Each structure stands twice: as structure tokens, then as C-alpha cells.
Amino acid sequence: MVKLYDRGVYLLNGTEIVEDAQTVKAKTGREITQADASKETMAYGILAGHNTSGNMERLQIKFDKLTSHDITFVGIIQTARASGLERFPIPYVLTNCHNSLCAVGGTINEDDHMFGLSCAKKYGGVYVPPHQAVIHQYAREMLAGGGKMILGSDSHTRYGALGTMAMGEGGPELVKQLLNKTYDIKMPDVVGIYLDGEPVKGVGPQDVALAIIGATFGNGYVNNKVMEFVGPGVEKLSADFRIGIDVMTTETTCLSSIWKTDEKIREFYEIHGREEDYKELNPGAAAYYDGMVYVDLSKIRPMIAMPFHPSNVYTIDEVNADLKDVLHDVEQKALVSLDGAVDYSLQSKIVDGKLYVDQGLIAGCAGGGFENICAAADIIRGKYIGSDEFTFSVYPASTPIYMELVKNGAAADLIAAGAIVKTAFCGPCFGAGDTPANNAFSIRHSTRNFPNREGSKLQSGQISSVALMDARSIAATAANKGFLTPATAVDVEYTGPKYHFDSRIYANRVFDSKGAADPSVEIKFGPNIKDWPKMAALPENLLLKVVSEIHDPVTTTDELIPSGETSSYRSNPLGLAEFALSRKDPAYVGRAKEVQKAEKAIEDGQCPVEALEELKPVMEKIHETYPDIDRSNLGIGSTIFAVKPGDGSAREQAASCQKVLGGWANIAGEYATKRYRSNLINWGMLPFITEEDHENLSFKNGDYIFVPEIRSAVGEKADKVRAFVAGTGDEWKEISLKLGDMTDAEREIILKGCLINYYRG
């Protein structure tokens, strides 16, 4: 089904995989170096066309367009305003698809929307009103272009199937683009994803995506690399099918994606009235890839990602055949994911030897596409979901898609079967809509199934589970009244209706400044929209208290700052910070605030020991070796340790909430994604790495870590820094912490204290 090559390979004429240079020479009649062949990938060509550094090893990228949604755009624009923003220099689209319910926290959601509209007018942007489209569907329909690059403040910013290299990053990276700066990275490796064969009837894009995620996530095969889709199987897939696979590449932890394009993609642009944005893309005659994933589409069967990660994959047939053992395995993994916070069991879901699910949901940028919903309607037409616990909701990804589903009758078929067809909204994907009942089991064609993401609150004893599936198998399960069923088991003829895009829907509702800024417009501020608090520059010496210690194999951004109803506070840095780690380590905020008292005492010219008495023996120990340390050259703050933090969302708040609570660093075995590490740096936090085994760390929660001369170490480009664990009594253990590779700009940002300070000068 899926095979990973253990080394780099060549691809000849886009079809033939060759593993060594000698064979390439024999087949082509010429000697081709690996370096030259690496330049023949589609990714290299696009990156070269957007690189401004003149050095393809160290890229400085300028993007063509930007996009953000209503959880992120307020903070981004506030940061850019504080850094000198006068107008949007490139097209910037603000969608309102995350806080669209306007049902939590009084007026604050709609206040954010009005802020966005007024900023689109003032700075020259595009504003997409609530329920018109989810961020990524609007980008596909209206922004993507062959050979272009788009940066979005959402991790699922992926438009590779349309020939657009797109990346999801934290807000500060968009701020840089708004201030005419660059996105600075090393040239990424490029891994080929070779698609062969053709999917069998009933298999959808989520099935293919989950198979790839299952094969690549755990081993980091494509981590921070570009996935380049090639091979004869690509042409067998529709544009919608390719898009459905592409959006899920984020869950492999890759940097970006790009696909070869053809007449089916040209037709997509034609349908949307933008044929001029199509560009044919193919790898060169002999292209070198740093790795290769071979996917036989014909062997993929309906898949399910069981709780609590998209990589926890099985075929649906495997689950049904070995139900008790699979559920037991999930329960054992949950002991780690949930920290034993609740009693978790799925055994009650076995009814008459079959798995009964409580909820089916097709939604968002992954599931809400036209073809997915039409296929679901074909499966459930003439059937009904029953009147028991099982519920079924469908969220088209945009109003134009919704309109076409109404016109062609698919919406009527779904509603007649008992489904509820709702508006374009991302909430079900992160716990702000269709939250299941306690102990319920939900199957969803959406992007993620992390713990808490569906709305659980472990601290209140509430837990439900999400499994990811394709829309087709969700509809088959719905037709079977909630009993898990693969779409391949259903006898159905797919109608495959043609899509017609109605451009009037956006023309009549979307505000498009056409790039013209109007400085006379006054920005509308709601009472919850707050400025970022003042942040200090990095001191010469740093004293850190470990205030949270996380030993899970991977820590997601949902655990660092929960999604769901907390999203309503994303425009209020201090208000949102109250929720930091609240579902993973509820005591974190209180501990961090206690340490922050000492730093605030220093800022006020007072002795930190008077504000935090526990510092007295620590400072005495420090003074034995460093007698000159005092409040003039010492900073005091908090840090967390996590084995591998940062998987999941691009949300910058996973880092900024720690910062506004006095955080100065993270310590990790490694960072799950480039974007989370970048978020730390952009908020002035040190991305420390420890090479110690996480079970035998020389520090623990509650310990102080003294890092002398850290400012000099950062400025002098040191890779490793000395630190001392100031434990109780006479303990004074020296440890080594790595900073890892950083650009000159990143080091300067940390020295200044954050990106805002960096741009203020």
C-alpha cells in the first residue's frame, strides 16, 4: 500500500523511480549530478522564484499572498501596527470561519469581525464575512495560482494540488511579510510522493491521506520537508480528491506540498473563472528527491484514525474484525495521552459485536468539499439515520458549494435522511461546534482528533473521542444507523455531478479593497481587543523556574493552549493566557504567575527575593560562583519542559501565552514542527534542546535553572550554553543546553525580547 525508500532517488520523466546515478546515466546517456537533479523538482523552481537572498541554501522568501482567520488576524494586525504597519503590501485575506458562532463571551467574536472589516478598509485587504467560506476553501477558489506561494496563519494552509506552494505558520511570520520582510529558512529537503494505480470504488481522499500519515508521521520521514506529488496515479484523481489528500499533509509534519498539474486542475481554475491562474507543473526529465513514498492507490481501503492522533490508523475492516483488541490498544495509548485524568473506556461502544458510534460529521477544509458531500448524499439517499443517539451533521466548505448542493438536490437528500446541513464553519474541527456528549465516540471527516480537540474538558471529568474517516464511510455508517461501516461495503452508484461556481455569492458579500488602502478609516476596537503587554529585552543572565514538566511522546499546541471556547479570547493576550496548559497542567498558570512576581519586582527596581522568598537560597547559591549577579543583570522567568512540543496548529498563542506569563524559554528533546519553534523565537523565547533522556532529567518541575551569560551566548552564535540546576540544599548541577540553528535575524529577535521590539528598533 505505502512504501518508504530508505534513501534518495531519481525520478525519470515523471514516471520511473531510479535508485542510483549509474542507472540514470545508462538510461539518459548523460551524467547527471545529484545537485543538478535536485534543481529539477517543482519545489525547487517555485522556491527559487520567490527567494530574495541569492543563496538557495539560505532562503529568504517573499510570498504572493497572505491569509488569516478570525482567531489569528487580530493579533497579527495588532503586532504589525505596533511595529509600524501603514498598509498591506500584498493581498491579505481575512476570513471569519473559526469564531463564527458569536455565542461565547458576549460581543467579543463579532467585535473581532468588525475589527477585521475596518482593517481591511484601512490597510487595503479582503474581508470574507462569517459563514461565507472556511479559510482554505476561499483560498482555493479565489487565491491559489500555479507557481505561486501563499502564507497563512493556519497550519492547514495547503494548496499544493492547485500548483501553489502554501505554508501555515504562526502570526509573527505573517507580520514579517506585512512589514516587507522575508520568511527565512534553510533549503528544505524535497520528498517525492509517487502515486500509482487508481482508488477502488468507495475509497476517498481521507483514506489515502490517513494511509500516508500512518506511514510517515511516527518516523518523521517528511518532517519539515516538502512533499511533492508525482507519478501516473495523480492523473486518475479529480481536483477535489487531490485537494482532500493535500490538506492533510500537515498531519505528517511536513513544511509544505506541491503537486504536478494537468487538465483537471486547469478545469478547476476555469470553473472558478480564473483560467489565467493555471500553470502546468511537472518535475524535470531527471529529478532527484531526498526520499520517496510509493503509494499504490488501488490497494488502499477505507481507513480510520482512532483516538487520539491522525497517525493512529487502521483499515475499517481491521477494526471491525479485531474490535476488542483495537479498542483496548486505544485505551492503553489514552493512559499516556490523558495522563489518567479520567476513566477512559470504549468497550461500551461494542453493541452486538459491532462498533456503534454516536456522531458523524463531515466538515471544514478537509471534508466539506463538493465531491465529498455529493458522494455522501449518493450513499445515504433513500435511507435514514434513525432516531437513536447517532447524529449526522454536514458543513459545506463554502457558500458557493452549499448553493450547488441545494441546486443539484444533494442537500435535500441529506436532510431527508436525517442529516443537518449547516453553514461554512471550522468550529467542529477544533471543539467549537457539534461537541459530543460525555463518553461519546464521533467519526469525522476533518483534520485532527487530538485529545480535547472535540470539546472535552478533562479537568471537569468530561471526555469524548474522535476518529477520522472519509465522508463516504461516514455516510455508509450513517446509513447503517451508526454502526461502523466502510463505504466499500455499500452498493451505490456515484452520480458524480458537475460543479458550477456562482461567483455572484462572493461578489455580493466579500469586501475587496483591490489593494487600495484608506488611511482615513478608524479601526473598530471591541473591549476585549487588547494591545500586547510590554516585553523586556533578553537579560545578560537568566534564572528560570521549571513550572511544567510534560513527558508525553508528543505535545500538541491544543494542549499548550486549548482550542474550543477559549478561541473567543484570542484578541486579549492576558485573558487568553489564563487558559494556557489548562487541560494538560491546570496548575501551570498559577506557578508561572508566582515566578513572574520576581521579574516584575526587578522591573520596578526592587529586590526579587522580597517578592518571591523561595529565591533566597537559590540566589545565595548563585552568588557563591557569580557574586556580581544582581537585579541589574539578571532576568527571572519560567520555562516548561516537554519531550516533543508543537505538533498541530500553527497558533502563535501556544508560545505567546507563555511569554506574557513570564516565560523565557522552552526546553525540549526536539520540536515537533518548525512553526512552533519559530513562534517561540518570534516571541523572544529561547528554544532550548536537551540531549538528556527525558525519564532521567537532571532537573524537575519546581527546580531553578541558572543560565549565565545567555545574552552573550546568543549574540556570539553559540550552539551550546552552560546552565546550572540550582536544586535544594547544596545541589549545583551543571548541564548543557543547545540552541540549535538560528538565523542572524532570529538571534536579534531573541536579544530584543520579541518581534515587536525587533521592528520598533
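In strand 24, Ala467 is the bridge partner of Ile443. The model is predicted, with local features requiring pLDDT of at least 70 and side-chain atom pairs counted only at pLDDT 80 or more, whereas totals for chains, interfaces and linings use all residues. Residues are numbered from 1 along each chain as its sequence is written, and side-chain values use heavy atoms, with hydrogens and water left out.

Strand 24 (residues 465–468) and strand 23 pair in the parallel sense over four bridges; two strands pair if DSSP finds at least two bridges between them. Helices (H or I, at least four residues) and strands (E, at least two) are DSSP runs, numbered from the N terminus. Strand 20 (residues 359–362) also runs parallel to strand 23, joined by four bridges, and Gln359 stands opposite Ser442 of strand 23. Five of the five residues of strand 23 (residues 441–445) are buried, so this strand is largely enclosed by the rest of the structure. Buried means under 20% relative accessible area, exposed over 50%, and partly exposed in between (1.4 Å probe, protein chains only). In a regular strand the side chains alternate between the two faces of the sheet. In strand 23, Phe441, Ile443 and His445 point one way, and Ser442 and Arg444 the other way.

Two further buried residues were examined. Leu195 belongs to strand 11 (residues 190–196) and has a relative accessible area of 0%. Apart from residues up to four places away in sequence, Leu195 touches residues including Phe229, Val230, Trp259, Val295 and Leu297, where contact means heavy atoms within 4.5 Å. His156 is placed in the loop between strand 8 (149–152) and strand 9 (165–168), and its relative accessible area is 3%. Neighbours within four places in sequence aside, the contacts of His156 include His136, Glu251, Cys365 and Arg448.

The structure holds 35 salt bridges, each defined as a side-chain nitrogen of Lys or Arg within 4 Å of a carboxyl oxygen of Asp or Glu. One of them joins Glu614 and Lys545, at 2.7 Å from N to O. Glu614 lies in the loop between helix 23 (608–611) and helix 24 (615–625), and Lys545 in strand 26 (residues 541–550), so the pair ties together parts that are 69 residues apart in sequence. Glu614 is partly exposed at 36% relative accessibility, while Lys545 is buried at 15%. The C-alpha atoms of Lys545 and Leu195, 350 residues apart along the chain, are separated by 49 Å.

Another salt bridge links Asp585 to Arg591, with the closest N and O atoms 3.0 Å apart. Asp585 is buried, at 13%, and Arg591 is partly exposed, at 31%. Salt bridges that share partners join Asp6, Arg7 and Glu19 into one network. Between Asp6 and Arg7, the closest N and O atoms are 3.4 Å apart; Asp6 is exposed at 68%, and Arg7 is partly exposed at 45%.

The largest pocket has a volume of about 670 Å³. Of its 23 lining residues, Lys186, Asn224, Lys674, Arg677 and Asp741 are the closest to the centre. A pocket is an open set of points on a 1 Å grid over the protein atoms alone, where a 1.4 Å probe fits, with protein on both sides within 12 Å along at least five of seven lines; lining residues have an atom within 4 Å of a point. The volume is the space filled by probe spheres set on the points, which are joined across faces, edges and corners. Strand 10 (183–186) and helix 26 (674–682) each supply at least two lining residues of the largest pocket.
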